[in-house]
Amino acid sequence: MRNIKFRGKTRSGYWVYGNLLLLNKTYYIVPQHESCAKADSNNLSSFPGYEEYTLGIEVIPETIGQFVDIKDKNNTKVYKHDILKTDNGLQCVVKWYKGCFCCFPLKGSCRAVISLTDFINHFENRFEVIGNIHEFQEE
């Protein structure tokens, strides 16, 4: 069975993981068990006002990304908007496009947009998550 989960960034800079909830034009992440203890390695209990969140934690809509149900060579979960880097230096960003997740090359990489399935089949365990489009700083 496919594992459907989301992540989003709060206005105070925390990443939270869980189910997505849209209520009155506001997006929330409702933490799942594994993320109740952490938000990007931060303890949610230290999250300002965490006790007050009974529905979920409000997140910035542009930062919401869905788990694409794969992991990289370091066992890191891959989400929409993540930047992947292959062992040969190719870098791409994961986006939703025409009904499937695809890899869009970053500048300096090859120009072809390929489906995430084709990317995985070609690179197998030779890629890793190096960041996401909301935090990535070019080297």
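**Figure 1. Asp 87, at a relative accessible area of 51%, is exposed.** The model shown here and in the other views is predicted. The side chain of Asp 87 meets that of Lys 73 in a salt bridge, with N and O 2.8 Å apart. Lys 73 is partly exposed, its relative accessible area being 36%. The structure holds three salt bridges, and the other views of such pairs follow.

**Figure 2. Asp 82 and Arg 7 form a salt bridge through their side chains.** The N to O distance is 2.4 Å. Asp 82 belongs to strand E7 (residues 82-86) and Arg 7 to strand E1 (residues 6-9); the two are 75 residues apart, and the pair links distant parts of the chain. Are these two residues buried or exposed? Asp 82 counts as buried, at 1% relative accessibility, and Arg 7 also counts as buried, at 6%.

**Figure 3. Lys 9 and Glu 135 form a salt bridge.** Their closest N and O atoms are 3.0 Å apart. Because Lys 9 lies in strand E1 and Glu 135 in the segment after E11, the pair ties together parts that are 126 residues apart in sequence. Lys 9 counts as buried, at 17% relative accessibility, while Glu 135 counts as partly exposed, at 38%.

**Figure 4. The largest nonpolar core has 14 residues.** Those that touch the most other members are Val 68, Val 78, Leu 84, Val 94, Leu 116, Phe 119 and Phe 127. Two or more residues come from each of strand E5 (65-71), strand E8 (91-97), strand E9 (100-105), helix H2 (116-123) and strand E11 (127-132). Helix H2 gives the most, with three residues. Beyond its neighbours within four places in sequence, Val 68 has contacts that include Val 78, Val 94 and Leu 116, and also Arg 2 and Lys 80. Another core, of six residues, lies apart from this one; among its members are Phe 6, Val 16, Ile 57 and Val 59.

**Figure 5. Six strands make an open sheet with antiparallel pairing.** Their order is E4-E3-E2-E1-E5-E6. Which strands are at the edges? Strand E4 (57-58) and strand E6 (77-79) are the edge strands, and each pairs on one side only. Inside the sheet, strand E2 (residues 15-23) and strand E3 (residues 26-31) run antiparallel and are joined by six bridges. Leu 20 stands opposite Ile 29 in E3.

**Figure 6. The whole structure has zero disulfides.** Cys 103 is in no disulfide either, and its nearest cysteine sulfur, in Cys 92, is 3.6 Å away. Cys 102 is buried, with a relative accessible area of 5%, and Cys 103 is buried too, at 2%.

**Figure 7. Residues 34-42 have a pLDDT below 50.** The chain as a whole averages 83, and 78% of the residues score at least 70. Where pLDDT is low, predicted coordinates should not be read in detail.

Technical notes:
Residues are numbered from 1 along each chain as its sequence is written. This is a predicted model: local features need pLDDT of at least 70, side-chain atom pairs count only at pLDDT 80 or more; totals for chains, interfaces and linings use all residues. Side-chain values use heavy atoms; hydrogens and water are left out. A nonpolar core is a set of buried Ala, Val, Leu, Ile, Met, Phe, Trp, Tyr and Cys residues joined through side-chain atoms within 4.5 Å. Buried means under 20% relative accessible area, exposed over 50%, partly exposed in between (1.4 Å probe, protein chains only). Helices (H or I, at least four residues) and strands (E, at least two) are DSSP runs, numbered from the N terminus. Contact means heavy atoms within 4.5 Å. Two strands pair if DSSP finds at least two bridges between them. pLDDT is the predictor's confidence in each residue, from 0 to 100. A disulfide is a pair of cysteine sulfur atoms within 2.5 Å. A salt bridge is a side-chain nitrogen of Lys or Arg within 4 Å of a carboxyl oxygen of Asp or Glu.
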